[in-house]
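Here's a quick briefing on one strand and the fold around it. Have a look at the model first, then read on.

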Amino acid sequence: MAKKNTRPVDDPAGPNPCDDIRVGLKPETIAKALVDNLFYVQGRLPEFATRNDWYMALAITVRDRMIDRWVQTARTHLLQNAKTVCYLSAEFLMGPQLGNSLINLGIQDAVREAVEMVGLDLDELIDQEEEPGLGNGGLGRLAACYMDSLATIEVPAIGYGIRYEFGIFDQEIRDGGQVEVPDKWLRFGNPWEITRPEINFDVPFGGHTIQTQDEQGRFHVRWMPERVVLGIAHDIPVLGYRVNTSNVLRLWKAEACESFDLGSFNVGDYFGAVNDKVRSENISKVLYPNDVPLQGKRLRLEQQFFFVTCSLQDVIRQHLQAGNTLESLPDFYAIQLNDTHPSIAIAEMMRLLVDQNDMDWDTAWGVTRRTFGYTNHTLLPEALEKWPLPLFASLLPRHLEIIYEINRRFLDEVRVKFPGDAALLARLSLIDETGEKAVRMAHLASAGSHSINGVAALHTELLSRDVLHDFYLLYPERFHNVTNGVTPRRWIALSNPRLAQLITDAIGGGWVSRTEDELARLEPFAEDPAFRHQWRTIKRENKVDLSNMIRRETGISVNPDSMFDIQVKRIHEYKRQHLCLLEIITLYLRLKQDPGLDIAPRTFIFGGKAAPGYTMAKLIIRLVNGIADVVNRDPEIRDRLKVVFYPNFNVQSAQRIYPAADLSEQISTAGKEASGTGNMKFALNGALTIGTLDGANIEIRNHVGAENFFLFGLTAEEVRRLKQHGYQPMSYYYSDHMLHQVLDLIGWGEFSRGDSELFKPIVSSLMSRDEYFLLADYSSYVECQDRVNEAFLDKEGWARKSILNVARMGYFSSDRSVREYCEKIWKVTPVSVAIE
């Protein structure tokens with residue numbers, strides 16, 4: 001028997017079992033592998049190779065060094081019959097893979113040297129990578145962080161999602177407005193994935209059901225679908241940091257069962273010959289199709305069911321292949337629903353167990369409940385998905401029958417606990433009958449899961465008190481809080497290498513994987529003047545890098561010595577990018593009225609995408625650029641105030657933006673943001689936060705210290721009371737002279753080249769409804785920004801606060817979050833992997 005080599009991978013310069021071209025870690029071995037892959041995989045000679053050819057060859061070279069870990073991980077988990085986490089998410093915003101893989105393998109220096117041997121620059125090849133746009137924002141990025149952490153702490157896991165051909169759209173800015181263009185991330189191929197055509201599952205849609213009884217009198221239902229689509233697995237390895245564990249992200253691509261109708265083709269119906277192929281492949285074509293039209297809603301529901309049924313069939317396949325019984329499924333798999341999108345999994349699991357595997361209903365319901373956990377990510381009612389009954393019945397007729405049966409039994413359970421409460425029954429019902437009848441997907445997830453968790457302390461409190469209060473009354477033991485976290489590997493080690501090196505020089509490298517325990521050791525250095533000087537130098541270098549990037553992308557020159565005040569996130573009214581715009585106009589007016597005003601030069605930087613059908617959000621982008629057009633061209637203001645909208649914000653640009661920020665804008669209306677993770681990424685990179693008591697801001701403030709956090713605005717309770725007593729936004733408009741001026745300037749067309757109609761919807765909305773309480777928080781926000789200005793003028797004091805922010809942010813590592821899930825919800829333990 002071969003002796004096992006349990007070499008750690010955090011010492012790439014140490015002994016290597018072989019110099020094999022597939023796994024060797026020496027620079028010269030990697031260089032030889034790179035040239036070989038260029039020739040044998042890309043089919044190119046070095047003298048004719050493009051930068052993309054070299055990138056593809058390097059990606060394959062690095063992937064080869066992950067494959068042995070991946071295969072051994074699968075073997076180890078199979079042999080140990082280890083309990084596995086299955087993370088179901090409509091989004092996985094993984095970001096570029098090359099740089100992150102080098103860090104996790106510990107071979108950055110070796111690869112850099114190898115690339116130099118063939119006359120290339122590693123940074124240029126890293127920049128060549130197309131970013132997979134498989135997510136829209138925080139939800140998909142959180143899923144990616146958790147996959148990284150699951151592998152790093154060696155927990156067996158599979159991420160399940162959709163392999164969108166076109167991800168979240170690329171954003172261009174034309175005439176100040178957002179224009180969506182296709183995200184062709186697959187145009188040059190994806191070297192990180194391995195297609196598994198042998199792992200495929202049928203996905204039925206539409207049709208009708210047939211009810212029968214067998215010889216023993218047992219009731220059976222057979223679904224006769226109108227059409228069937230095929231789901232094909234595509235696997236991407238997800239390697240942990242300096243460990244041998246490599247989990248898998250399995251993404252499903254939709255294909256037609258028969259992609260070409262030769263009979264139609266032969267009679268001249270060329271479009272009909274490929275109609276089924278086009279219709280089937282549309283399911284995995286685009287992330288989040290516009291769901292304003294009915295066809296868009298239908299496609300979204302198709303997408304959700306498509307990846308859910310493929311994933312559950314795959315779980316059952318693996319479970320049975322391991323020799324286990326379906327009754328034991330919860331002992332070997334913990335399936336987590338990442339928000340409400342995959343909630344149809346509850347009904348689909350019941351279908352697979354009862355209809356496909358002849359399990360009795362009560363046993364199947366017990367298995368389902370014990371297997372699933374549900375993470376809620378929102379407090380916005382519109383985000384708690386509801387599907388109209390006619391649409392649902394036409395697409396998933398069997399599932400509607402199952403949901404009716406779940407609902408009947410569930411409401412019987414409620415009647416026993418709360419007899420005579422008809423209003424409670426109506427609120428808890430899985431079917432909403434208050435208007436157009438609809439299936440309440442969050443209710444389905446809550447009824448069918450053993451755990452319901454929020455993602456920040458306030459969010460979980462509000463879930464229990466308001467959004468899911470009735471479920472909390474029924475099942476208080478199911479409710480948990482697991483505050484979100486972010487991976488320090490991507491968000492410091494990769495994105496901010498200068499700062500990462502400074503921290504490592506000060507306290508050692510253990511903080512990268514033991515962030516919660518180790519990062520606090522940085523705190524004493526806040527009192528070291530020499531260290532503060534190094535800290536400030538690194539921040540300025542990062543700001544110079546971002547300044548150059550802004551000039552290349554927008555043509556705007558910004559001053560790296562100004563305060564970089566940054567708000568980058570999905571554009572939405574509740575996130576209140578337009579509150580920051582009111583402050584910019586206020587500052588502009590104050591500078592115009594008093595040119596001698598003592599304020600630090602400031603650059604406001606915005607970024608983020610608006611949903612294609614969200615008119616108000618797109619109008620906010622127009623307003624950002626309208627204000628920038630006026631402010632940036634005003635010779636009296638010069639470099640004292642600049643406004644930038646950075647287009648097409650994504651993971652790649654975020655890796656340059658977060659490290660350069662001085663001030664992080666986390667200014668959502670209190671009680672609206674579930675958690676946020678951008679707030680954590682900014683703070684981990686040394687930005688100070690201005691924010692409300694919303695989402696994870698509360699916990700960040702508690703950890704970094706109130707004195708190192710700029711707090712303003714109403715609390716969630718104050719917002720609730722103000723709304724209850726009749727909020728009158730016009731009263732703020734008439735009582736605050738500066739606010740009056742600011743809104744009038746927008747309304748008169750000052751920032752729309754005299755067009756008084758363009759921004760009228762924004763002004764009218766604020767003055768009539770102001771659903772997100774901007775006017776109520778305006779004066780508090782402006783006063784808080786004055787405190788920010790005063791603090792920034794004290795360079796040493798600001799650096800001290802910045803260091804303390806980073807030192808006290810260890811709690812917000814996604815490693816901590818995942819450990820909490822493992823302990824509270826999934827009941828899984830790590831499994832160490834040794835390399836043969």
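**Strand S17 and its neighbours**

Two bridges join strand S17 to strand S20 (residues 663–666), and the two run parallel; strands pair here if DSSP finds at least two bridges between them. This is a predicted model, where local features need pLDDT of at least 70, side-chain atom pairs count only at pLDDT 80 or more, and totals for chains, interfaces and linings use all residues. Residues are numbered from 1 along each chain as its sequence is written, and side-chain values use heavy atoms, with hydrogens and water left out.

- In S20, Asp-565 has Leu-663 as its bridge partner.
- S17 also pairs with strand S18 (residues 602–607), parallel again, over six bridges.
- Opposite Ile-566 sits Ile-605 of S18.
- S17, helix H24 (residues 577–593) and S18 form a right-handed β-α-β unit (with the strands pointing away from the viewer, the path from the first strand over the helix to the second runs clockwise).

**Burial of S17**
- Six of the six residues of S17 (residues 563–568) are buried, so the strand is largely enclosed by the rest of the structure (buried means under 20% relative accessible area, with a 1.4 Å probe and protein chains only).
- Met-563, Asp-565 and Gln-567 point one way, while Phe-564, Ile-566 and Val-568 point the other.

**The whole protein**
- There are 35 helices and 22 strands, taken as DSSP runs (H or I, at least four residues; E, at least two) numbered from the N terminus.
- Of the 836 residues, 61% count as buried.
- The C-alpha atoms fill a box of roughly 90 × 75 × 60 Å along the principal axes.

Technical notes:
Buried < 20%, exposed > 50% of the residue type's maximum accessible area, 1.4 Å probe, protein only.
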